[in-house]
Amino acid sequence: MSTTKKIAGAALAAALGVTTLSACGGDAKDKTAGASDAPKSKTVTLVSHDSFNVTDSVLKEFEQQSGYTVKRLKSGDAGAALNQEILTKGSPRGDVFFGVDNTLLSRALDNGIFTPYQVKGMEGIKTEFMLDPQHRVTPIDSGDICVNYDKQYFADKKLAPPQTLDDLIKPEYKNLLVTENAATSSPGLGFLLASVGKYGEDGWKDYWSKLKANGVEVVDGWEQAYNERFSGSAGGKKAKGDRPLVVSYASSPPVEVLYGEPQPAEAPTGVSTGTCFRQVEFAGLLNGAKNPEGGKALLDFLVSKKFQEDMPLQMFVNPVVKDAQLPEIFTKHGVVIEKPENVTPDAIAKNREQWVKAWSSLVVK
């Protein structure tokens, strides 16, 4: 994956020839603003990872209605973007930060980079995504890291595709799975966390020992796994990948349909629904923001129905607002993950480093 965050769709779309929006550059005169007697700024700056996207007309509507002009500052993958905000704590590069997820949330909150704000429309957000009772961050989207499978491969072999984590260690699936390195890749880390959520602190290492014995392949990142080693994607077909199972996202099948050339009637890939880890992405008002009022208006916009319904086809994620509707391509070709594995942000913050080190020693050595 081109960024170490949960949104594989942007990278898949790029692999299939789709152009995404680039970051907007800074304006020197904005940097001088911020004194208490300065005129109210009409520019609000959104700092994000590289995969943030929004339809131009949707953003323009917000700008016209609010009177603010949105400047987008894209800052690499989610981890790198967050690191920069921690380094500039109290004197941030923008007003709102978007893109910290539940694997990084405790780190962001512990470093105090956000100012509490309760968004307008907060009552419409699904309660399971409200992970910060102090409202320093607001949930914006969710997505599920899951094993994807090549439908044609399993049909040709007359073999049922695996559906659970337990299935993946069965002999009939030996040498079929490719996953990303948990130390270098967001989906790789998510898949590790799925095993922690499923088997607990006492069982996940034994699971990975069995998975390794069953021939799991580990590569550095999502793009290599999905577009080169996986047999079921457009990229995989070109590269003649020979692994019919890959760690990707529940949103990958709709993306394959949306950007396939020619567009297929059905998704060529399926989702093993019992292998998933749920990621939730948040945004927050940055502590020391030069335009806090504009930042609050922007946060209100990010949970508005207009933006929430625009997100799925722009960033290939699910809305968190109750009344937001998914596009038909998602409802027809996607799947709903009823019971994803979860690990609390506090547990992730406390154990992530040691889990990754233990995983690396066990699987990559």
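**Entry 1. Helix 8 and helix 15**

At what angle do the axes of helix 8 and helix 15 (residues 345-364) cross? I looked this up in a predicted model, in which local features need pLDDT of at least 70, side-chain atom pairs count only at pLDDT 80 or more, and totals for chains, interfaces and linings use all residues. Residues are numbered from 1 along each chain as its sequence is written, and side-chain values use heavy atoms, with hydrogens and water left out.

I found that the two axes cross at roughly 30° and come within 10 Å. An axis here is a line fitted to C-alpha atoms, for helices over the stretch in contact, and angles run from 0 to 180 degrees between N-to-C directions. Helices (H or I, at least four residues) and strands (E, at least two) are DSSP runs numbered from the N terminus. The angle makes helix 8 roughly parallel to helix 15; angles under 35 degrees count as roughly parallel, over 145 as roughly antiparallel, 65 to 115 as roughly perpendicular and the rest as oblique. I noted the crossing as right-handed, that is, with the near helix turned clockwise from the far one by less than a right angle.

I then listed the residues that meet, contact being heavy atoms within 4.5 Å. Helix 8 contributes Trp 204, Lys 205, Trp 208, Ser 209 and Lys 212, and helix 15 contributes Trp 355, Ala 358, Trp 359, Leu 362 and Val 363. I sorted this contact by class into 7 nonpolar, 1 polar and 2 charged residues. Ala, Val, Leu, Ile, Met, Phe, Trp, Tyr, Cys and Pro count as nonpolar, Asp, Glu, Lys and Arg as charged, and the others, Gly among them, as polar.

**Entry 2. Helix 7 and helix 8**

I turned next to helix 7 (residues 186-199) and helix 8 (residues 204-213), whose axes come within 8 Å and cross at roughly 125°. Helix 7 is therefore oblique to helix 8. Their crossing is right-handed. On helix 7 the contact involves Phe 191, Leu 192, Ser 195, Val 196 and Tyr 199, and on helix 8 it involves Trp 204, Tyr 207, Trp 208 and Leu 211.

**Entry 3. The chain and its cores**

Of its 365 residues, 55% are buried, where buried means under 20% relative accessible area, exposed over 50% and partly exposed in between (1.4 Å probe, protein chains only).

Which residues touch the most other members of the largest nonpolar core? They are Phe 114 and Phe 307, in a core of 49 residues. Such a core is a set of buried Ala, Val, Leu, Ile, Met, Phe, Trp, Tyr and Cys residues joined through side-chain atoms within 4.5 Å. Among the elements that each supply at least two residues of this core are strand 1 (43-48), helix 3 (56-66), strand 9 (269-286) and helix 13 (305-315). Leaving out residues up to four places away in sequence, I found Phe 307 touching Phe 52, Val 54, Val 58, Ile 140, Phe 301, Leu 302 and Met 315. A second, separate core has 38 residues, including Val 147, Leu 211, Phe 277 and Trp 355.

Val 303 lies in the loop between helix 12 and helix 13 and is buried, with a relative accessible area of 6%. Beyond its neighbours within four places in sequence, Val 303 contacts residues including Val 119, Ile 125, Ile 140 and Val 321.

**Entry 4. Backbone details**

Most residues other than glycine have a negative phi, and most peptide bonds are trans. I found a cis peptide bond between Glu 261 and Pro 262, with omega about -5°. Pro 262 sits in the loop between helix 11 (252-259) and strand 9.

Lys 158, which is not a glycine, has a positive phi of about 50°; Lys 158 is exposed, at 76% relative accessibility. Asn 175, also not a glycine, has a positive phi of about 65° and is partly exposed, at 39%. I placed Lys 158 in the loop between helix 6 (151-156) and strand 6 (177-180), and Asn 175 in the loop between helix 6 and strand 6.
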